[in-house]
Amino acid sequence: MRVIIVGAGEVGYQIAKFLTYEGVDVVIIDRDGSKLRRISEELDIATIEAEGSDPSAFKEAGADNADLLLAVTNSDETNMIACLLGKAMFNIKRKIARIRNPDYFFNKELLGKANLDIDPAINPELEAAEAVSRLIESPFASEIIEFEKGKIKVIGFKIPQDSPITGKKLKSIKTFLKRDFIIGIIERDENVIVPSGEDILNEGDIVYIPVRKEEVEEVAQSLGVPAKPAKKIMILGGGRIGYYIASKMENRADIKIIEKDPERCKFLSKHLGKSLVLHGDGADKQLLLEENISNMDTYIACSNNDELNIMASLLAKKLGAKKVIALVNRTDYVPLAHNLGIQSVLSPRLITAGIILRYVRKGEVLSLTAIAENKAEIIEVVVNKTSSLIGKTLKEGIFPKNSILGAIIRDDRIIIPSGEDFIKEKDKLIIFALKDSIKEVEKLLT
(Lines give C-alpha, C1' and ligand atoms only; values in the text may rest on other atoms or scores of the structure.)
Protein backbone atom coordinates (compact mmCIF):
# COMPACT_ATOMS: atom_id res chain seq x y z
CA MET A 1 0.00 0.00 0.00
CA ARG A 2 1.23 3.48 -0.87
CA VAL A 3 -0.01 6.41 1.22
CA ILE A 4 0.63 10.09 0.54
CA ILE A 5 0.34 12.42 3.53
CA VAL A 6 -0.01 16.15 2.93
CA GLY A 7 0.99 17.94 6.12
CA ALA A 8 3.92 17.19 8.42
CA GLY A 9 2.47 18.66 11.60
CA GLU A 10 1.63 16.65 14.69
CA VAL A 11 -1.24 14.74 13.03
CA GLY A 12 0.80 13.93 9.93
CA TYR A 13 3.75 12.88 12.06
CA GLN A 14 1.68 10.58 14.27
CA ILE A 15 0.02 8.92 11.27
CA ALA A 16 3.36 8.49 9.49
CA LYS A 17 4.81 6.96 12.64
CA PHE A 18 1.96 4.45 12.85
CA LEU A 19 2.14 3.54 9.17
CA THR A 20 5.89 3.05 8.99
CA TYR A 21 5.66 0.70 11.97
CA GLU A 22 3.18 -1.31 9.89
CA GLY A 23 5.52 -1.38 6.89
CA VAL A 24 3.31 0.85 4.73
CA ASP A 25 5.00 2.81 1.91
CA VAL A 26 4.61 6.46 3.00
CA VAL A 27 5.53 9.76 1.34
CA ILE A 28 4.91 13.03 3.17
CA ILE A 29 4.61 16.48 1.56
CA ASP A 30 4.96 19.79 3.39
CA ARG A 31 6.30 23.26 2.64
CA ASP A 32 8.01 23.50 6.04
CA GLY A 33 11.49 22.01 5.73
CA SER A 34 12.10 21.94 9.51
CA LYS A 35 9.08 19.70 10.08
CA LEU A 36 10.22 17.37 7.31
CA ARG A 37 13.74 17.19 8.77
CA ARG A 38 12.30 16.11 12.12
CA ILE A 39 10.37 13.33 10.40
CA SER A 40 13.36 12.24 8.28
CA GLU A 41 15.54 12.01 11.38
CA GLU A 42 13.04 9.84 13.27
CA LEU A 43 11.27 7.84 10.57
CA ASP A 44 12.43 5.98 7.49
CA ILE A 45 10.11 7.63 4.96
CA ALA A 46 10.39 9.81 1.87
CA THR A 47 9.69 13.54 2.26
CA ILE A 48 9.05 16.25 -0.33
CA GLU A 49 9.35 19.96 0.46
CA ALA A 50 6.56 21.60 -1.53
CA GLU A 51 3.09 23.08 -1.30
CA GLY A 52 0.35 20.56 -0.64
CA SER A 53 -1.41 21.70 -3.79
CA ASP A 54 1.59 21.30 -6.11
CA PRO A 55 0.91 18.76 -8.92
CA SER A 56 4.62 18.18 -9.51
CA ALA A 57 5.07 17.21 -5.85
CA PHE A 58 2.22 14.71 -6.19
CA LYS A 59 3.84 13.24 -9.28
CA GLU A 60 7.19 12.95 -7.49
CA ALA A 61 5.40 11.24 -4.59
CA GLY A 62 4.08 8.55 -6.92
CA ALA A 63 0.44 9.65 -6.79
CA ASP A 64 -0.33 7.64 -9.95
CA ASN A 65 0.10 4.47 -7.86
CA ALA A 66 -1.18 5.76 -4.50
CA ASP A 67 -3.95 3.91 -2.68
CA LEU A 68 -4.74 6.60 -0.14
CA LEU A 69 -4.33 10.36 0.23
CA LEU A 70 -4.38 11.91 3.71
CA ALA A 71 -4.63 15.73 3.74
CA VAL A 72 -3.99 16.89 7.31
CA THR A 73 -2.43 20.37 7.12
CA ASN A 74 -3.71 23.20 9.34
CA SER A 75 -5.43 24.75 6.30
CA ASP A 76 -8.83 23.39 5.26
CA GLU A 77 -8.44 25.00 1.86
CA THR A 78 -5.08 23.32 1.25
CA ASN A 79 -6.52 19.98 2.32
CA MET A 80 -9.49 20.33 -0.02
CA ILE A 81 -7.34 21.38 -2.97
CA ALA A 82 -5.00 18.44 -2.33
CA CYS A 83 -7.97 16.06 -2.43
CA LEU A 84 -9.30 17.67 -5.61
CA LEU A 85 -5.85 17.26 -7.15
CA GLY A 86 -5.70 13.62 -6.07
CA LYS A 87 -9.08 12.99 -7.68
CA ALA A 88 -8.83 15.00 -10.91
CA MET A 89 -5.21 14.39 -11.93
CA PHE A 90 -4.19 11.10 -10.29
CA ASN A 91 -7.43 9.19 -9.64
CA ILE A 92 -6.47 8.29 -6.06
CA LYS A 93 -9.28 6.02 -4.87
CA ARG A 94 -9.66 7.21 -1.28
CA LYS A 95 -9.08 10.71 0.03
CA ILE A 96 -9.33 11.63 3.73
CA ALA A 97 -9.06 15.22 4.94
CA ARG A 98 -9.01 17.12 8.19
CA ILE A 99 -11.71 19.79 7.83
CA ARG A 100 -12.20 22.12 10.79
CA ASN A 101 -14.39 24.92 9.44
CA PRO A 102 -18.02 23.90 10.10
CA ASP A 103 -19.18 25.72 6.95
CA TYR A 104 -17.07 23.27 4.93
CA PHE A 105 -17.46 20.22 7.16
CA PHE A 106 -21.26 20.19 7.15
CA ASN A 107 -21.49 20.90 3.39
CA LYS A 108 -22.07 17.33 2.25
CA GLU A 109 -22.53 18.37 -1.38
CA LEU A 110 -19.12 20.05 -1.47
CA LEU A 111 -17.36 17.08 0.12
CA GLY A 112 -19.45 14.44 -1.68
CA LYS A 113 -18.47 12.09 -4.48
CA ALA A 114 -19.61 14.42 -7.27
CA ASN A 115 -17.22 17.16 -6.12
CA LEU A 116 -14.23 16.78 -3.78
CA ASP A 117 -14.98 13.11 -3.02
CA ILE A 118 -13.53 13.27 0.50
CA ASP A 119 -14.40 10.12 2.45
CA PRO A 120 -14.34 10.82 5.28
CA ALA A 121 -13.83 14.41 6.34
CA ILE A 122 -12.68 14.52 9.97
CA ASN A 123 -13.31 17.44 12.30
CA PRO A 124 -10.89 17.22 15.27
CA GLU A 125 -12.87 19.66 17.42
CA LEU A 126 -16.13 17.77 16.95
CA GLU A 127 -14.46 14.44 17.67
CA ALA A 128 -12.81 15.86 20.80
CA ALA A 129 -16.14 17.30 21.99
CA GLU A 130 -17.79 13.90 21.52
CA ALA A 131 -15.02 12.25 23.55
CA VAL A 132 -15.41 14.81 26.36
CA SER A 133 -19.20 14.40 26.38
CA ARG A 134 -18.84 10.66 26.92
CA LEU A 135 -16.58 11.33 29.91
CA ILE A 136 -19.10 13.73 31.41
CA GLU A 137 -21.76 11.03 31.31
CA SER A 138 -19.47 8.54 33.12
CA PRO A 139 -17.43 10.66 35.55
CA PHE A 140 -15.31 7.79 36.90
CA ALA A 141 -13.79 7.18 33.46
CA SER A 142 -10.61 8.70 32.09
CA GLU A 143 -11.49 7.51 28.57
CA ILE A 144 -14.56 5.99 26.90
CA ILE A 145 -14.76 4.41 23.45
CA GLU A 146 -18.16 3.41 22.10
CA PHE A 147 -18.95 0.54 19.73
CA GLU A 148 -22.10 -0.68 18.00
CA LYS A 149 -23.80 2.73 18.35
CA GLY A 150 -23.03 2.89 22.04
CA LYS A 151 -24.42 -0.55 22.95
CA ILE A 152 -21.03 -1.53 24.29
CA LYS A 153 -18.42 0.78 25.77
CA VAL A 154 -14.75 0.28 26.53
CA ILE A 155 -14.09 2.27 29.69
CA GLY A 156 -10.65 3.27 30.87
CA PHE A 157 -10.38 4.32 34.51
CA LYS A 158 -7.80 4.64 37.26
CA ILE A 159 -8.20 2.21 40.16
CA PRO A 160 -8.69 4.17 43.41
CA GLN A 161 -7.07 3.24 46.70
CA ASP A 162 -10.28 1.97 48.28
CA SER A 163 -11.52 -0.05 45.30
CA PRO A 164 -12.54 -3.62 46.20
CA ILE A 165 -10.47 -4.95 43.28
CA THR A 166 -7.19 -3.37 44.44
CA GLY A 167 -4.63 -6.08 45.23
CA LYS A 168 -6.70 -8.87 43.71
CA LYS A 169 -5.77 -11.28 40.93
CA LEU A 170 -7.80 -10.91 37.74
CA LYS A 171 -9.02 -14.49 37.85
CA SER A 172 -10.73 -13.80 41.16
CA ILE A 173 -12.53 -10.63 40.06
CA LYS A 174 -15.09 -12.38 37.87
CA THR A 175 -16.20 -14.45 40.85
CA PHE A 176 -16.17 -11.40 43.07
CA LEU A 177 -18.35 -9.36 40.70
CA LYS A 178 -20.52 -12.34 39.73
CA ARG A 179 -20.61 -11.31 36.08
CA ASP A 180 -18.72 -11.70 32.81
CA PHE A 181 -15.70 -9.45 33.16
CA ILE A 182 -12.58 -8.85 31.07
CA ILE A 183 -9.74 -6.37 31.49
CA GLY A 184 -8.23 -5.83 28.07
CA ILE A 185 -5.34 -3.53 28.93
CA ILE A 186 -3.53 -2.43 32.08
CA GLU A 187 -1.51 0.79 31.94
CA ARG A 188 0.93 0.92 34.84
CA ASP A 189 3.43 3.78 34.96
CA GLU A 190 5.30 3.53 31.63
CA ASN A 191 4.27 -0.08 31.00
CA VAL A 192 1.25 -1.34 29.07
CA ILE A 193 0.24 -5.00 29.30
CA VAL A 194 -2.43 -7.37 28.09
CA PRO A 195 -3.02 -9.16 31.40
CA SER A 196 -3.49 -12.79 32.30
CA GLY A 197 -5.54 -14.24 35.16
CA GLU A 198 -2.51 -14.20 37.44
CA ASP A 199 -1.89 -10.45 37.18
CA ILE A 200 -2.68 -8.39 40.28
CA LEU A 201 -4.35 -4.97 40.09
CA ASN A 202 -2.65 -2.08 41.88
CA GLU A 203 -3.91 1.27 43.06
CA GLY A 204 -3.31 3.83 40.31
CA ASP A 205 -3.43 1.30 37.45
CA ILE A 206 -5.43 2.51 34.45
CA VAL A 207 -7.51 -0.41 33.20
CA TYR A 208 -9.67 -0.75 30.07
CA ILE A 209 -12.77 -2.93 30.32
CA PRO A 210 -15.60 -3.66 27.84
CA VAL A 211 -19.03 -3.08 29.41
CA ARG A 212 -22.57 -3.36 28.07
CA LYS A 213 -24.31 0.03 27.99
CA GLU A 214 -27.02 -0.94 30.45
CA GLU A 215 -24.48 -2.29 32.96
CA VAL A 216 -22.11 0.69 33.18
CA GLU A 217 -23.53 2.12 36.41
CA GLU A 218 -23.77 -1.30 38.06
CA VAL A 219 -20.18 -2.20 37.14
CA ALA A 220 -18.93 1.17 38.36
CA GLN A 221 -20.58 0.70 41.73
CA SER A 222 -19.12 -2.81 42.01
CA LEU A 223 -15.66 -1.37 41.38
CA GLY A 224 -16.10 1.31 44.01
CA VAL A 225 -16.15 4.33 41.65
CA PRO A 226 -18.86 7.03 41.18
CA ALA A 227 -21.24 6.50 38.27
CA LYS A 228 -23.74 9.37 38.17
CA PRO A 229 -23.40 11.78 35.19
CA ALA A 230 -22.02 15.25 35.86
CA LYS A 231 -24.70 17.90 36.44
CA LYS A 232 -22.56 20.98 37.11
CA ILE A 233 -19.88 21.68 34.50
CA MET A 234 -17.40 24.53 34.04
CA ILE A 235 -15.58 25.00 30.74
CA LEU A 236 -12.40 27.01 30.23
CA GLY A 237 -12.39 28.27 26.65
CA GLY A 238 -15.33 29.07 24.39
CA GLY A 239 -13.66 28.11 21.13
CA ARG A 240 -15.07 25.46 18.84
CA ILE A 241 -14.51 22.57 21.25
CA GLY A 242 -15.99 24.43 24.21
CA TYR A 243 -18.94 25.52 22.11
CA TYR A 244 -19.58 22.00 20.77
CA ILE A 245 -19.45 20.53 24.30
CA ALA A 246 -21.86 23.12 25.66
CA SER A 247 -24.24 22.66 22.71
CA LYS A 248 -24.36 18.92 23.30
CA MET A 249 -24.64 19.00 27.10
CA GLU A 250 -26.58 22.14 28.07
CA ASN A 251 -29.94 20.36 28.09
CA ARG A 252 -28.58 17.75 30.49
CA ALA A 253 -26.40 19.81 32.83
CA ASP A 254 -25.77 23.32 34.18
CA ILE A 255 -22.97 24.78 32.06
CA LYS A 256 -20.66 27.71 32.78
CA ILE A 257 -18.23 28.80 30.05
CA ILE A 258 -15.38 31.17 30.88
CA GLU A 259 -13.96 32.98 27.82
CA LYS A 260 -11.45 35.87 27.63
CA ASP A 261 -12.42 37.20 24.18
CA PRO A 262 -15.43 39.54 24.46
CA GLU A 263 -16.45 38.97 20.82
CA ARG A 264 -16.44 35.24 21.31
CA CYS A 265 -18.56 35.72 24.44
CA LYS A 266 -21.15 37.51 22.30
CA PHE A 267 -21.15 34.61 19.84
CA LEU A 268 -21.61 32.06 22.62
CA SER A 269 -24.41 34.03 24.26
CA LYS A 270 -26.20 34.29 20.92
CA HIS A 271 -25.88 30.63 19.87
CA LEU A 272 -26.23 28.79 23.20
CA GLY A 273 -29.62 28.54 24.84
CA LYS A 274 -29.04 27.66 28.49
CA SER A 275 -25.31 27.96 29.15
CA LEU A 276 -24.00 30.81 31.32
CA VAL A 277 -21.21 32.68 29.52
CA LEU A 278 -18.68 34.50 31.72
CA HIS A 279 -16.12 36.99 30.40
CA GLY A 280 -12.90 36.34 32.26
CA ASP A 281 -9.85 34.17 32.82
CA GLY A 282 -10.70 30.53 33.48
CA ALA A 283 -7.41 30.07 35.34
CA ASP A 284 -8.08 33.01 37.71
CA LYS A 285 -8.24 31.55 41.23
CA GLN A 286 -10.52 34.28 42.54
CA LEU A 287 -12.96 33.91 39.66
CA LEU A 288 -13.08 30.13 40.11
CA LEU A 289 -13.82 30.55 43.81
CA GLU A 290 -16.53 33.14 43.09
CA GLU A 291 -18.14 30.73 40.62
CA ASN A 292 -18.13 27.89 43.18
CA ILE A 293 -15.53 25.66 41.55
CA SER A 294 -15.76 23.26 44.51
CA ASN A 295 -19.37 22.48 43.55
CA MET A 296 -18.45 21.53 39.98
CA ASP A 297 -18.75 17.90 39.01
CA THR A 298 -16.46 18.47 36.02
CA TYR A 299 -14.01 21.19 34.98
CA ILE A 300 -12.95 21.08 31.32
CA ALA A 301 -9.92 23.03 30.11
CA CYS A 302 -10.17 23.30 26.32
CA SER A 303 -8.59 26.63 25.41
CA ASN A 304 -6.12 26.85 22.51
CA ASN A 305 -3.18 26.98 24.96
CA ASP A 306 -1.90 23.57 26.12
CA GLU A 307 0.10 24.96 29.04
CA LEU A 308 -2.88 26.97 30.27
CA ASN A 309 -5.13 23.91 30.07
CA ILE A 310 -2.75 21.84 32.18
CA MET A 311 -2.15 24.52 34.82
CA ALA A 312 -5.82 25.50 35.01
CA SER A 313 -6.83 21.84 35.44
CA LEU A 314 -4.38 21.44 38.32
CA LEU A 315 -5.74 24.61 39.94
CA ALA A 316 -9.35 23.48 39.53
CA LYS A 317 -8.49 20.10 41.04
CA LYS A 318 -6.79 21.77 44.01
CA LEU A 319 -9.84 24.01 44.53
CA GLY A 320 -12.19 21.07 44.75
CA ALA A 321 -13.54 20.24 41.28
CA LYS A 322 -14.57 16.60 41.42
CA LYS A 323 -13.16 15.77 37.99
CA VAL A 324 -10.88 17.66 35.61
CA ILE A 325 -10.44 17.09 31.89
CA ALA A 326 -7.60 18.74 29.97
CA LEU A 327 -7.27 18.92 26.20
CA VAL A 328 -3.73 19.17 24.85
CA ASN A 329 -2.59 19.18 21.25
CA ARG A 330 1.08 18.48 21.84
CA THR A 331 1.23 14.73 22.20
CA ASP A 332 4.36 14.83 24.39
CA TYR A 333 2.31 16.73 26.97
CA VAL A 334 -0.19 13.87 27.39
CA PRO A 335 1.95 11.65 29.69
CA LEU A 336 3.18 14.74 31.53
CA ALA A 337 -0.38 15.83 32.31
CA HIS A 338 -1.28 12.29 33.45
CA ASN A 339 1.75 12.15 35.74
CA LEU A 340 0.75 15.48 37.30
CA GLY A 341 -2.49 13.85 38.42
CA ILE A 342 -5.00 15.10 35.83
CA GLN A 343 -7.60 12.36 35.56
CA SER A 344 -8.49 12.71 31.87
CA VAL A 345 -6.19 14.07 29.18
CA LEU A 346 -7.32 14.09 25.56
CA SER A 347 -5.46 15.06 22.41
CA PRO A 348 -7.60 16.08 19.41
CA ARG A 349 -4.63 15.29 17.19
CA LEU A 350 -4.27 11.76 18.51
CA ILE A 351 -8.02 11.25 18.20
CA THR A 352 -7.81 12.34 14.55
CA ALA A 353 -4.85 10.07 13.86
CA GLY A 354 -6.66 7.12 15.42
CA ILE A 355 -9.74 7.65 13.25
CA ILE A 356 -7.64 7.79 10.11
CA LEU A 357 -5.76 4.60 11.00
CA ARG A 358 -8.79 2.37 10.56
CA TYR A 359 -8.66 2.97 6.81
CA VAL A 360 -5.22 1.42 6.41
CA ARG A 361 -5.74 -1.73 8.47
CA LYS A 362 -6.17 -5.09 6.76
CA GLY A 363 -9.46 -6.90 7.17
CA GLU A 364 -12.89 -5.35 7.57
CA VAL A 365 -12.06 -2.80 10.24
CA LEU A 366 -15.08 -0.85 11.51
CA SER A 367 -13.24 1.31 14.02
CA LEU A 368 -9.86 1.68 15.66
CA THR A 369 -8.74 3.60 18.71
CA ALA A 370 -5.18 4.06 19.92
CA ILE A 371 -4.93 4.02 23.73
CA ALA A 372 -2.29 4.11 26.47
CA GLU A 373 -0.18 6.76 24.75
CA ASN A 374 -0.48 4.87 21.45
CA LYS A 375 1.15 1.71 22.79
CA ALA A 376 -2.03 -0.32 22.28
CA GLU A 377 -5.10 -0.36 20.06
CA ILE A 378 -8.72 -1.38 20.36
CA ILE A 379 -9.93 -2.72 17.02
CA GLU A 380 -13.51 -3.47 15.99
CA VAL A 381 -13.62 -5.87 13.04
CA VAL A 382 -16.04 -8.07 11.13
CA VAL A 383 -15.08 -11.74 10.75
CA ASN A 384 -15.16 -12.52 7.04
CA LYS A 385 -15.56 -15.96 5.53
CA THR A 386 -11.81 -16.45 4.94
CA SER A 387 -10.78 -15.81 8.56
CA SER A 388 -9.01 -18.66 10.34
CA LEU A 389 -10.86 -17.71 13.53
CA ILE A 390 -14.19 -19.18 12.41
CA GLY A 391 -15.32 -22.10 14.56
CA LYS A 392 -12.48 -21.72 17.07
CA THR A 393 -13.04 -21.35 20.81
CA LEU A 394 -11.03 -18.95 22.94
CA LYS A 395 -9.61 -21.72 25.12
CA GLU A 396 -7.73 -22.94 22.04
CA GLY A 397 -5.43 -19.93 22.40
CA ILE A 398 -6.26 -18.57 18.95
CA PHE A 399 -5.15 -15.00 19.61
CA PRO A 400 -1.44 -14.12 19.59
CA LYS A 401 0.53 -13.03 22.64
CA ASN A 402 -0.21 -9.46 23.76
CA SER A 403 -3.74 -9.49 22.36
CA ILE A 404 -7.11 -10.45 23.82
CA LEU A 405 -10.70 -10.66 22.64
CA GLY A 406 -12.81 -8.26 24.69
CA ALA A 407 -16.28 -8.78 23.22
CA ILE A 408 -18.28 -10.50 20.48
CA ILE A 409 -21.22 -8.72 18.87
CA ARG A 410 -23.49 -11.31 17.28
CA ASP A 411 -26.76 -10.09 15.79
CA ASP A 412 -28.19 -7.97 18.63
CA ARG A 413 -26.31 -9.75 21.42
CA ILE A 414 -23.23 -8.49 23.24
CA ILE A 415 -21.09 -11.38 24.48
CA ILE A 416 -18.29 -10.81 27.01
CA PRO A 417 -16.46 -14.02 26.09
CA SER A 418 -15.19 -16.89 28.20
CA GLY A 419 -13.00 -19.80 27.13
CA GLU A 420 -15.98 -21.79 25.81
CA ASP A 421 -17.21 -19.12 23.40
CA PHE A 422 -16.48 -19.62 19.70
CA ILE A 423 -16.35 -17.30 16.71
CA LYS A 424 -18.72 -17.26 13.73
CA GLU A 425 -18.60 -15.66 10.31
CA LYS A 426 -19.99 -12.10 10.40
CA ASP A 427 -19.37 -11.74 14.14
CA LYS A 428 -18.06 -8.34 15.12
CA LEU A 429 -15.07 -8.58 17.44
CA ILE A 430 -13.57 -6.02 19.79
CA ILE A 431 -9.88 -6.85 20.15
CA PHE A 432 -7.27 -5.33 22.48
CA ALA A 433 -3.73 -5.55 21.14
CA LEU A 434 -0.29 -4.15 21.81
CA LYS A 435 1.60 -2.77 18.83
CA ASP A 436 3.84 -5.81 18.46
CA SER A 437 0.87 -8.14 17.94
CA ILE A 438 -1.15 -6.11 15.42
CA LYS A 439 0.24 -7.82 12.31
CA GLU A 440 -0.45 -11.30 13.71
CA VAL A 441 -4.01 -10.26 14.57
CA GLU A 442 -4.47 -8.97 11.02
CA LYS A 443 -3.35 -12.33 9.60
CA LEU A 444 -6.08 -14.10 11.58
CA LEU A 445 -8.70 -11.79 10.14
CA THR A 446 -7.78 -12.02 6.44
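Which residue forms a salt bridge with glutamate 125, and how far apart are the closest N and O atoms? The legends below take up this pair and then two others.

**View 1. Glutamate 125 and arginine 100.** In this predicted model, where local features need pLDDT of at least 70, side-chain atom pairs count only at pLDDT 80 or more, and totals for chains, interfaces and linings use all residues, glutamate 125 forms a salt bridge with arginine 100, the closest N and O atoms being 2.5 Å apart. A salt bridge here is a side-chain nitrogen of Lys or Arg within 4 Å of a carboxyl oxygen of Asp or Glu. The pair links distant parts of the chain, 25 residues apart, with glutamate 125 in helix H7 (residues 124-137) and arginine 100 in the loop between strand S5 (94-98) and helix H5 (102-105); helices (H or I, at least four residues) and strands (E, at least two) are DSSP runs numbered from the N terminus. Glutamate 125 is buried at 7% relative accessibility, whereas arginine 100 is partly exposed at 28%; buried means under 20% relative accessible area, exposed over 50%, and partly exposed in between (1.4 Å probe, protein chains only).

**View 2. Glutamate 137 and arginine 252.** The closest N and O atoms of this salt bridge are 2.3 Å apart. Glutamate 137 lies in helix H7 and arginine 252 in the loop between helix H10 (240-249) and strand S13 (254-259), so the pair ties together parts that are 115 residues apart in sequence. Glutamate 137 is partly exposed, at 28%, and arginine 252 is partly exposed at 37%.

**View 3. A network of salt bridges.** Glu10, Arg38 and Glu42 are linked in this network. Residues are numbered from 1 along each chain as its sequence is written, and side-chain values use heavy atoms, with hydrogens and water left out.
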